[in-house]
2 protein chains.
Amino acid sequence: MDLFRAYTIADALSILRDHVRLETPGERLGLREALHRTLDGDVFAPEDVPAFDRSTMDGFAVRARDTFGASEGLPAYLNVAGEVLMGEAPRGRLEVGHAFRIATGGMLPEGADAVVMVEYTEELDAQTIGVTRPVAPGENTIRCGDDLAGGTLLLPGGHRLRSQDVGLLAAAGVDTVPVRRPLRVGVITTGDEVVPVEETPGPGQVRDVNSYTLGGQVCECGAEPVIYGIVRDDFESLIAVVRRALDETEAVMISGGSSVGRRDVTVDVLAGLGEPGVLFHGLAVRPGKPTIGAAIGEKLILGLPGHPVSAMVVFSLLARPLLDPGYRRFPIRARITRSLSSQAGKEDYVRVRLSRDGERLVAEPIPGKSGLIATMVRADGLARIPLESQGVAAGEEVEVIPF
Amino acid sequence: MDLFRAYTIADALSILRDHVRLETPGERLGLREALHRTLDGDVFAPEDVPAFDRSTMDGFAVRARDTFGASEGLPAYLNVAGEVLMGEAPRGRLEVGHAFRIATGGMLPEGADAVVMVEYTEELDAQTIGVTRPVAPGENTIRCGDDLAGGTLLLPGGHRLRSQDVGLLAAAGVDTVPVRRPLRVGVITTGDEVVPVEETPGPGQVRDVNSYTLGGQVCECGAEPVIYGIVRDDFESLIAVVRRALDETEAVMISGGSSVGRRDVTVDVLAGLGEPGVLFHGLAVRPGKPTIGAAIGEKLILGLPGHPVSAMVVFSLLARPLLDPGYRRFPIRARITRSLSSQAGKEDYVRVRLSRDGERLVAEPIPGKSGLIATMVRADGLARIPLESQGVAAGEEVEVIPF
């Protein structure tokens, strides 16, 4: 560990990824229960879908070659030899010069290789249609296995199941899947000055906000928070609770107690728990400087700043990608409404409110002192001012990471 | 209802908002349980936060005027008369020419109006410091009520609680809040050709995908899906289930059965349930044309297309804003990698995969027939081609609505 190096968020993530491996036991769940869970192994298609050739339009199943050369002036006349009923197999085979009435989703009769849309036919009598436009073989049909060929990989292990993923599994006939038990994440607040929310803070005291904000953020990762409450700022108290949390959970978030200048026991505790221990102490990130990254065995421990806003920002940038690796967050570009200065050598993350200005978005920095959680309530995301930048001018485009 | 009008998503939303009012009874919950619930009334700050003036830095509490004119060459010398301990009220009052040692969060002693950062002091002996830079009154402090003045509106009724909102309530000392019971949303799949996921589809049959995808999307709105399963395409069966769903839920999503050319009973059923009934039938939206919007009393009923992709797209564009009005979704701008044609007079929503290309994002349209749910699995969002546009050229910027 190079104590004098300026670690960015990307540096810190890469160091943590080298040491941390968050795994939970698997279980098998039905599709509905599996929503938002992470797959515990690859899932393959058990069979061809569809298992038969199918029409994608309302119209007539035909042999494509019977329609070649057809036009409005010179339609191809076909004999309506049957109708494919929904949910039933076609009765009989399609002969040369014949057509079967068919609806969207209907099964193509043997002998048919295309469907003419009803719009390009004219009914001459109950038995005869004129086709006014030719179709190519395969047109307006889905072939057996076209949606999903049996044996193909549907979703890889490690993928977190969204609504459409569960839909894909349903379409493939997969009705139970192996998933991992949700990660459990311990949340510990340190600080002799912190009191529970239901108490009235005395002089010099503040309420415990981080148990709630970090607990909520853990839920948003699809993980289960285990709240250990408020622990006093002394080595023995803190190490006892962190040991228990390491036994009971896969990752631990400790907030408070990591800024220089207060009785700082978090680093001592993390150094005393085992290998590899503290991986970095301090980030070149604002807010978020007094962050500690550690691993004990393959479990993750983060020492987050005590200020609620800083703790939320660091959790969002550093913990979420590790706890919820399937989460894809695309930066939004927006014009900043006010000039902002930034120290070169620091990544700044500025709370902004987004709004539309015609086709474009504008990002308005939220005023107010950084410790105020109310500024997070008004914000829609974080505008990033990169390490090497000394600021942005009003009207310049910035990258905003949405919450 | 003008049957020949081309309704866009914005039109449809505005019509539905005029008729639909989705309300559930309230209950009072603790903060942790209230996460992601919707507030059932405004919440105000019960008291000033902080209840005392507080330091935001490690250093010395001083009277600002005692430091005026101080410099490195000519420090202001102050007598260290005490120390403010965390969690305790300062012992005694700060006299002229005195300083109290103080840590971040510490309570300012009476008489002090600013804090000098420890970096701008030099300790001469245990009793004396030199201040090398002046501070202005209020500097490095937060005043009583600065974070939250008692009586201010914290969050308005109707707001859905995120992690930071729960944090704000904790900071304000609000430990229970009035919230609405989650909306219940009925999900009905119609179609004689639809079979449950655990069955092997016979000829002409397909598995029920929409119960899973729409059920999942309902969960993502913070609502509770009530799955009614597969209902046959006949008037009596469908009206019985829709009646039950209207009794048991606040909104009903019916998928399938709304495209022209199949035995279409959904419109007849919706027309037969009461006022105001069907509000529009058909959207100038692709995919999503055969969508029906209806209200019975103030409850919402949507007839969604049967194709799983179309049903998901319409849910995302039309149902989500109504079921989850607090959800803010900011469009992302990205360069499209392929030219796409579009019929003027239709809004097109094209599934795209996003990736980074340096500072910018590119949107790659997902190939594959529209009915395939697998295309939704590969997509990150929907690129919108507006009503009046006839298409976009490769390299042009499009607006992408992320999932």
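Analyst: In the hairpin formed by strands 24 and 25 of chain B, two residues lie between the strands, and B:Gly358 takes a positive phi near 65°. This is a predicted model, in which local features need pLDDT of at least 70 and side-chain atom pairs count only at pLDDT 80 or more, while totals for chains, interfaces and linings use all residues. Residues are numbered from 1 along each chain as its sequence is written, with chains lettered from A and ligands numbered from 1 in the order in which they are written.

User: What makes strand 24 and strand 25 of chain B a pair?

Analyst: Strands (E, at least two residues) and helices (H or I, at least four) are DSSP runs, numbered from the N terminus. Two strands pair if DSSP finds at least two bridges between them. Six bridges join strand 24 (residues 347-357) to strand 25 of chain B, and the two run antiparallel; therefore they count as paired. In one of these bridges, B:Val352 has B:Pro365 as its partner.

User: How do you know that strand 22 of chain B also pairs with strand 25 of chain B?

Analyst: Strand 22 (residues 332-336) meets strand 25 over two bridges, in the parallel sense. The bridge partner of B:Arg335 in strand 25 is B:Val362.
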